[in-house]
Amino acid sequence: MQVKRMLGLYVATGMGMEENMEMNKKGWPISTTVGVKSRIDTNPDYQRPAVWGLSQKQLLMDTILKGYDIPKFYWRKTSSSPDKYEVVDGQQRLRAIWEFVECKYKLSKTAEKVENYDIAGKSYSELPDDLRINFDTYNLDIVVITESDKDEVREMFLRLQNGTSLKAQEKRNAMPGNMRDFVKALVNHEFFTKSVKFENKRFAHDHIAAQICLLELSGQPCNIKDKDLNKMYSESKDFDSDSQVAKKIRKVLDYMYKMFPAKTPELERFNVVSLYILISSLLDKYVIADRYREIADWFIDFETYREQQSQLSPDDCDPEIVAYHEKISHSTDAFDSLEFRNTYLSRKLFEKISDLETKDKQREFDQNQRRAIFRRDKGICQLKIKCNGKKCEWDNWHADHIKPWSKGGKTIVSNGQVACPECNLTKGDDDLKA
């Protein structure tokens, strides 16, 4: 049955599709879909994974056995001789049918009789012949789509799923554009396939990859909530996968994979983004090419300490860890949470690895270094020329070079110390000044 005029107009006006999209509705017996299973792709890249539970599958089989109608299926024809298809809509139902025929599950134990036959708890092979014949010859309404491109089909998928429980990233996965394609390519990076602890269920890897893209485009911590990611996908349809931003993202992931070349249980969803922000900043400003093992060890030690602290009562726990835990437990994709975590992790890193050098050989200590020095020295003046170890306030102290800059002293945390302004300014001899 040719349905271009009936459905094509709806597609063209309601969905924004091209009018050359062809749709043909056909009745396919279940037995036919089983026979050509190898030529039907139920998992094109815009589809979500199988998520149906047993009760949903059982209800569909009961519906078919009772002869009730079920919704149409939409398939896109991808080639001929032999014909091949990809499922645009209905993959959960199609999988459920195939699995039942393959006796991978049984009907519900509370299923009512069909045509006076008891079907409760029975598998496909255990059904009476009459019911199996009815099941095999049950016609599925298949709408076969031809003359369409990927972007049209992805748009159609989103429209057909409107009102269902698709997660935000599952919807973004079906959106057209270069940003979507770039995110999909990132998910195949070895850091995601070999390093992280969590699996790519319901596009969890895609979600993280999209967030790091937005962070790199922003150049700093920012809101990376679903509405922000949706906006990025929409506004970056022409994203260049060879741009400097794209190259930077791959460079950071390459470094993170060098840090963790095997599955690492500490790499959970909540901290991969924080680690990415930290490494991205370090690669921009510091000489860390050969320091990946040290940084990885620091991260493992930090996570071990954090986990140990999380087992304690709030009164006995490190108060900074309590605050950090709050930021990784609630609103983890908000700007203030990401900024707090980045500031805290940066300071802890520089306290542990205190000899990281800046690329520009600067004289002044930067904010990361200053925070690490101040916390390490507990804000107490180390010079003690005009004081006896004065407690300094954060907005009124100097970061002093222990070995003076003029004498070759490096601007690294291990060569810095807290000095009150009076003591540092009293160092009259220029050769002694940092």
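Which residues does His-207 touch, not counting residues up to four places away in sequence? In this predicted model, in which local features need pLDDT of at least 70, side-chain atom pairs count only at pLDDT 80 or more, and totals for chains, interfaces and linings use all residues, His-207 touches Gln-169, Arg-172, Asp-226, Leu-229 and Arg-269, a contact being defined by heavy atoms within 4.5 Å. Residues are numbered from 1 along each chain as its sequence is written, and side-chain values use heavy atoms, with hydrogens and water left out. His-207 is found in helix α10, residues 204-218, where helices (H or I, at least four residues) and strands (E, at least two) are DSSP runs numbered from the N terminus. His-207 counts as buried because its relative accessibility is 16%; buried means under 20% relative accessible area, exposed over 50%, and partly exposed in between, with a 1.4 Å probe and protein chains only.

The secondary structure of the chain comes to 18 helices and seven strands, and buried residues make up 48% of its 434 residues. Among contacts between residues at least 6 apart in sequence, 68% join residues at least 24 apart.

Five of the strands form an open sheet with the order β1-β5-β3-β4-β2 and mixed pairing, two strands being counted as paired if DSSP finds at least two bridges between them. The edge strands, each of which pairs on one side only, are β1 (22-29) and β2. Strand β4 (residues 84-89) is mostly covered, with five of its six residues buried. On one side, β4 is joined by two bridges to strand β2 (residues 40-41), and these two strands run parallel; here Ile-40 stands opposite Tyr-85 of β4. Strand β3 (residues 73-79) pairs with β4 in the antiparallel sense over five bridges, and Trp-75 has Val-87 in β4 as its bridge partner. The hairpin formed by β3 and β4 has four residues between the strands, and Ser-81 in this turn has a positive phi of about 55°. A cis peptide bond, with omega of about 0°, joins Ser-81 to Pro-82, and Pro-82 is likewise found in the loop between β3 and β4.

Helix α4 (residues 91-101) is largely enclosed by the rest of the structure, because 10 of its 11 residues are buried. Among the buried residues of α4 are Arg-93, Ile-97, Trp-98, Glu-99 and Phe-100. Just after α4, Cys-103 takes a positive phi of about 60°. In the loop between α4 and α5 (129-137) lies Asn-116, which has a positive phi of about 65° although it is not a glycine; Asn-116 is exposed, with a relative accessible area of 73%. A positive phi, near 55°, also occurs at Lys-384, a residue other than glycine, in the loop between α17 and β6 (398-401). Lys-384 is partly exposed, its relative accessible area being 49%.

The largest nonpolar core has 77 residues, of which Phe-191, Leu-253, Ile-279, Leu-282, Ile-295 and Trp-298 touch the most other members; such a core is a set of buried Ala, Val, Leu, Ile, Met, Phe, Trp, Tyr and Cys residues joined through side-chain atoms within 4.5 Å. Helix α13 (residues 269-285) contributes the largest share of this core, 10 residues. When residues up to four places away in sequence are not counted, Leu-282 touches Ile-288, Ile-295, Leu-349, Phe-350 and Leu-356. A second, separate core of 32 residues includes Leu-60, Leu-65, Tyr-124 and Leu-127.

The largest pocket holds about 480 Å³ of space. On a 1 Å grid over the protein atoms alone, a pocket is an open set of points where a 1.4 Å probe fits, with protein on both sides within 12 Å along at least five of seven lines, and lining residues have an atom within 4 Å of a point; grid points are joined across faces, edges and corners, and the volume is the space filled by probe spheres set on the points. Of the 22 lining residues, Gly-219, Gln-220, Pro-221, Ser-281 and Asn-342 are the closest to the centre of the pocket. Helices α10, α13, α16 (335-352) and α17 (367-376) each supply at least two residues of the lining, and α13 gives the most, with six.
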